[in-house]
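Visitor: Could you show me the model, and then take me through a few of its residues step by step?

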Amino acid sequence: MNMSPKCYVTCGKGGVGKTVCACALGLALASRGHRTLVISTDVVSPIGDIFQVNAKSRPVEVAHNLQVLDLTREDIINLWKIRFGQEVYEVLSSFLPVEKDIVDYIANAPGIDELFAIYYIYDLARSGKYDIIVWDTAPGAGTLHLLRLLKIFYTHLIEAESVYGKLLNFLMKARSLVDSLKRKEPRDPISLIKKWRSLIEEIELFLKNETEFILITTPEKLSITICKNIKKELESFGIKVRKLVINQVVKELSEEIIRRKYESMLKTMRVIYSELPEVEVRVEIPALEHDICTVDDVRRLVPYVSRLVD
Ligand SMILES: Nc1ncnc2c1ncn2[C@@H]1O[C@H](COP(=O)(O)OP(=O)(O)OP(=O)(O)O)[C@@H](O)[C@H]1O
Ligand SMILES: [Mg+2]
């Protein structure tokens, strides 16, 4: 990375602490004087929960220099429609007899919202409103899915350009269609397709040069394996991963810490039972003394889960 990052992305297995790390990083950056936004594109609204504000759909200031935003799927789709809906309609309607509602149809296609999330973050970073954006992504390999989509979309645009070129040639020969094209006065679709392509190229550069991916793991085999996979795949997109957080590390063998953890757990257990009173079968599985790596470890849980099917 040549320049100081404009965006940090926390990624890793579900539940390892991506959201808490993103929020903590937001606080750290803000306290250094950077105008910071912590944004989540997860389906739930995790960041507002942590700061105890309703940050759904609009940024909320939670500290000096720090805003937080929980973006929902609907927000992303609506923003996509505002930004790209008209252009997509112009391209499609220039050679297909489609109505405006084609835009809604496309907006709800799987992947469009995720793909647009990247554009949205990129656009925010370019807007000048914030110095740094911290992006808390969905669990697992959510980010990688976005990158794959970006690549697929890019490839399709290259194809679209050549297919459209041929199609236009063909249409030119059919005068009546040409007349109908003229009536609609479309914007030149090839130039729009080219514009989308160069936008994707810019977003790729942004991810490679101005974005820092931070792997978050706990000291457990599965979350480390997932981190390694994420790293490998990010590298296959030409993105270098240079930062790693190992969260939930027990730093010392202290009875006092264990006792306080135990008390905190008991308190939470009471909350769980009082908040889910109507549940009939309750099973408690003890934490093993190490993480679960083998089928023998899993076997130790069988007596407990058996109660679910008795
Ligand atoms: N260092 C820590 N000490 C104690 N508890 C922690 C620590 N880090 C995270 N937690 C707890 O772990 C849980 C998961 O954290 P968090 O929601 O940040 O994970 P996540 O990776 O964002 O999860 P998801 O994949 O579901 O989005 C939370 O309940 C949080 O309170
Ligand atoms: Mg989270």
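Visitor: Which residues does Ile 121 touch, not counting residues up to four places away in sequence?
Guide: This is a predicted model, in which local features need pLDDT of at least 70 and side-chain atom pairs count only at pLDDT 80 or more, while totals for chains, interfaces and linings use all residues. Residues are numbered from 1 along each chain as its sequence is written, and chains are lettered from A and ligands numbered from 1 in the order in which they are written. With contact taken as C-beta atoms, placed from the backbone, within 7 Å, the residues that Ile 121 touches are Cys 7, Ile 39, Ile 133 and Trp 135.

Visitor: Is Gly 26 buried or exposed?
Guide: Gly 26 is found in helix 1 (residues 18-31), and beyond its neighbours within four places in sequence it is in contact with Thr 36, Val 38, Leu 66 and Val 134. A residue counts as buried with 20 or more other C-beta atoms within 10 Å of its own, as exposed with 12 or fewer, and as partly exposed in between. Because 29 other C-beta atoms lie within 10 Å, Gly 26 is buried.

Visitor: What separates the C-alpha atoms of Gly 26 and Trp 135?
Guide: Along the chain, Gly 26 and Trp 135 are 109 residues apart. In the model, the separation of their C-alpha atoms is 9.6 Å.

Methods
Two residues are in contact if their C-beta atoms, placed from the backbone, lie within 7 Å. Helices (H or I, at least four residues) and strands (E, at least two) are DSSP runs, numbered from the N terminus.
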